[in-house]
Amino acid sequence: MAVVRLGRTAAKNVRGSMYEVFLLEKERLFPWLDEIRRGRVMVGPVEEQGFPAFREPSSTHDLWLDYGLTMMGPQTCIYHLTEKVCTIQRTDEGFEIDDTVTAQDQLLVGVHSCDLHAILVLDKAFLRGRVIDRNYRIRREKTVVVGYHCTSVCSQCFCASMGTGPFFEPREGYDFLLTDLGDRYMLEALGERAHGMVAPLRLHKAEEKHFREKEELRQQLLGQFTKRLDTSRIVEIILRNQNHPVWRRTADERCLSCTNCTKVCPTCFCYSTRDLGDFELKKWDRTRAKDSCQELHFAEVHGSNFRGIRAARLRQFVTHKLATWWEQFGCFGCIGCGRCMTWCPTHIDLTHMAKEIMATEGLGMR
Ligand code: SF4
Ligand code: SF4
């Protein structure tokens, strides 16, 4: 395991801008992944009790590349759900802080288009503001990301409506992107690091006809979506309807404040920190853990709570994902993965709430 100390080089963009597209014979994928996983921990979709989950497969052959939807997204191996931030030690002179970050080189395989977008959203939250999140930055840079385009559409997925799928369009945020063309893969390589890793394969470049094949696949997938959301005016509509009865009714009748929706959401990034000290108060470990706006304590400030009722907390979740995220980050906070509604015990669905609001504005439901 490599131990990394914060340094200026950690901020360097390791991906660069080189972009080339190759063809990879199917039987060469696993041997190649075995080659590039050397010295790295590989994380990818595997079967766990009948369901897909991002884990460390013991063998590349355990990868389940045609998986559907995982409960926890792949971003959890970059933004850890809980981690130690530092240790603070009292000394005769004052305090000593050890903020060493342990981060492994990783190969993250099989990331769907929506989840690649979720990682881009987290990049905006953790890397582009006034304060850069050091732990996230180090793990992000030490992670080789291999995207994998979906081969079918899950019933709860609405990525096409959110502009995050089914295929990944931006040329950023990944090292490799695989598309299953039937008898071989299209392999997109982005950045100098990726080119160094793919060069030994001496692959043929993709041609125009292969891009046409890819586009045909994309069109086929677009025809499979059963869940849709009209997002053309959703920001203004949600903001204009903060007192709509749907918030109170849904919250009072169905929401359990269990926080599942925020726990599984791959773009939720809020965390809380806590210090755990020894009895002599000489040494503390500061840890952080993902927090949830659905918790009552979340909005407690100086003895009062500005979201003391459940309806206000549910409204906050949906409003942030579908509207105010734009003001904050210039994009939606929802990538249309369908996790929150899938793992909500009462199946509360933010698209249903949004559609009910639109219906009262005479915009009809789709
Ligand atoms: S709000 Fe729900 S559908 Fe949207 S990204 Fe989060 S978990 Fe996925
Ligand atoms: S998962 Fe469902 S019940 Fe639980 S807090 Fe979220 S909306 Fe409420």
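Reply: Let us begin with one pairing: valine 109 has valine 146 of E9 as its bridge partner. Please keep in mind that the model is predicted.

Me: What makes E8 and E9 a pair of strands?

Reply: Two strands pair if at least two bridges are found between them. Strand E8 (residues 106-111) and E9 are joined by five bridges, so they pair, and they run parallel.

Me: What makes E9 and E10 a pair?

Reply: The criterion is again at least two bridges. E9 and strand E10 (residues 176-180) have three bridges in the parallel sense, and therefore they pair. Within this pairing, glycine 147 has leucine 177 of E10 as its bridge partner.

Me: How do you know that E9 is mostly covered?

Reply: A residue is buried if 20 or more other C-beta atoms lie within 10 Å of its own. In strand E9 (residues 143-148), six of six residues are buried. In a regular strand, side chains alternate between the two faces of the sheet. On one side of E9, Thr143, Val145 and Gly147 are buried, and on the other Val144, Val146 and Tyr148 are buried, so both faces are covered.

Me: Why is valine 85 called partly exposed?

Reply: Valine 85 has 18 C-beta neighbours inside 10 Å. A buried residue needs 20 or more and an exposed one has 12 or fewer, so the value 18 counts as partly exposed. Valine 85 is found in strand E5 (residues 82-90). Leaving aside neighbours within four places in sequence, valine 85 is in contact with Asp99, Thr273, Arg286, Thr287 and Arg288.

Me: Why is H8 called roughly perpendicular to H10?

Reply: Helix H8 (residues 245-254) and helix H10 (residues 310-329) pack at an angle of about 115°, with their axes 8 Å apart. Angles of 65 to 115 degrees count as roughly perpendicular, and therefore H8 is described in this way relative to H10. The contact is made by Trp247, Arg248, Thr250, Ala251 and Asp252 of H8 and Arg310, Ala311, Leu314 and Arg315 of H10. These residues divide into four nonpolar, one polar and four charged.

Note on methods
Residues numbered from 1 in each chain as written. Chains lettered and ligands numbered in written order. Predicted model: local features only at pLDDT ≥ 70, side-chain atom pairs only at ≥ 80, totals over all residues. Helix = DSSP H or I, 4+ residues; strand = E, 2+ residues; numbered from the N terminus. Contact = placed C-beta atoms within 7 Å. Axes fitted to C-alpha atoms, helices over the stretch in contact; angles between N-to-C directions. Parallel < 35°, antiparallel > 145°, perpendicular 65-115°, else oblique. Nonpolar A, V, L, I, M, F, W, Y, C, P; charged D, E, K, R; others polar.
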